[in-house]
Amino acid sequence: MAAIFAFKCSNCEEIHEGSPSIGYRMPDPYASLSEEQKATMGELSSDFCTITHEDRTDRFIRAVLEVPIHGIEEPFLWGIWVSLSEKSFNRYLETYDEPVDGDCFFGWVCNGIPDYPYGESRPADVVVQPGGQRPKVILHRGEHDRDPLVIDQTRGISIARAQEIAEHVFHRD
Ligand SMILES: [Zn+2]
């Protein structure tokens, strides 16, 4: 029943096919470092990032935040970074090749999404996935239920809204 997402872009006139997947290559705290700081304090791979400060180390992993699109099988994907505690980060690292079903970590979302401005930090559950897939981010609701991203993750978005966001993001530059 569910369909494939596709639309004719009002920006470039092309047909964009498939549910949008927007990935961030690094967490914002890493992106904001100078080149020298990146070289001396930072470590970045496709799935892990650390920033070593004098008094602490910040740890981040790459995850996926899904927003359902009404009537479409594949969700809108945001490939974002979350920060984890040392304990959670080490557990994720140790079980990276063979994730343990049911593992779930607390994390903070560490990328700002321009289409979803929100003045506060976003707490989330980070749920490991089998088969080499990145962990899923489930945003905390409760006191954050005014966050437009929480609302969209909970209720899903219309095809028109998905198209609107995709047109912005694909042609941001
Ligand atoms: Zn386009």
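Reader: Which residues of helix α3 (residues 86–94) are buried?
Author: This is a predicted model, in which local features need pLDDT of at least 70, side-chain atom pairs count only at pLDDT 80 or more, and totals for chains, interfaces and linings use all residues. Residues are numbered from 1 along each chain as its sequence is written, and side-chain values use heavy atoms, with hydrogens and water left out. Buried means under 20% relative accessible area, exposed over 50%, and partly exposed in between (1.4 Å probe, protein chains only). In α3, the buried residues are Ser88, Phe89 and Tyr92.

Reader: Within what arc do the buried residues of α3 fall, seen down its axis?
Author: An α-helix has 3.6 residues a turn, so residues three or four places apart point the same way. The arc is that of the directions from the helix axis to the C-beta atoms. The buried residues of α3 line one face of the helix, because they fall within an arc of 100°.

Reader: Which exposed residues does the face of α3 turned away from its buried side carry?
Author: Helices (H or I, at least four residues) and strands (E, at least two) are DSSP runs, numbered from the N terminus. The buried residues of α3 pack against β5 (48–52), β6 (57–67), β7 and β8 (104–109). Turned away from that buried side is a face with the exposed residues Lys87 and Glu94.

Reader: Tyr96 and Val109 are 13 residues apart along the chain; what distance separates their C-alpha atoms?
Author: Tyr96 is in the loop between α3 and β8, and at 34% relative accessibility it counts as partly exposed. Tyr96 touches Asp47 and Phe48, not counting residues up to four places away in sequence. Between the C-alpha atoms of Tyr96 and Val109 the separation is 20 Å.

Reader: What geometry does the site of the zinc ion have?
Author: Its protein donors are Cys9 (SG), Cys12 (SG), His16 (NE2) and His171 (NE2), lying 2.1 to 2.3 Å from the ion. Donors are N, O and S atoms within 2.8 Å of the metal (3.2 Å for Na, K and Ca); water is not among the atoms, so sites may look incomplete. Four donors count as tetrahedral if all angles lie between 85 and 135 degrees. With angles of 100 to 117° among the 4 donor atoms, the zinc site is tetrahedral.

Reader: How many residues apart in sequence are the parts that His16 and His171 tie together?
Author: Along the chain, the donors of the zinc ion follow the spacing C-x2-C-x3-H-x154-H. His16 lies in strand β2 (residues 15–17) and His171 in the segment after α5 (159–170), so the pair ties together parts whose separation in sequence is 155 residues.

Reader: What is the relative accessible area of His171?
Author: His16 is buried, with a relative accessible area of 18%. His171 is partly exposed, because its relative accessible area is 31%.

Reader: What is the phi of Glu13 near?
Author: Glu13 is in the loop between β1 (6–8) and β2. Most residues other than glycine have a negative phi. In Glu13, a residue other than glycine, phi has a positive value, near 70°.

Reader: What is the radius of gyration of the protein chain?
Author: The chain has 5 helices and 10 strands. The radius of gyration is taken over C-alpha atoms, and the globule rule is 2.2 Å times the number of residues to the power 0.38. For 173 residues that rule gives 16 Å, so the chain is as compact as a globular protein of that length, with a close value of 17 Å.

Definitions and conventions. Four donors count as tetrahedral if all angles lie between 85 and 135 degrees; four count as square planar and six as octahedral if opposite donors are over 155 degrees apart and all others between 65 and 115; anything else is irregular. Contact means heavy atoms within 4.5 Å.
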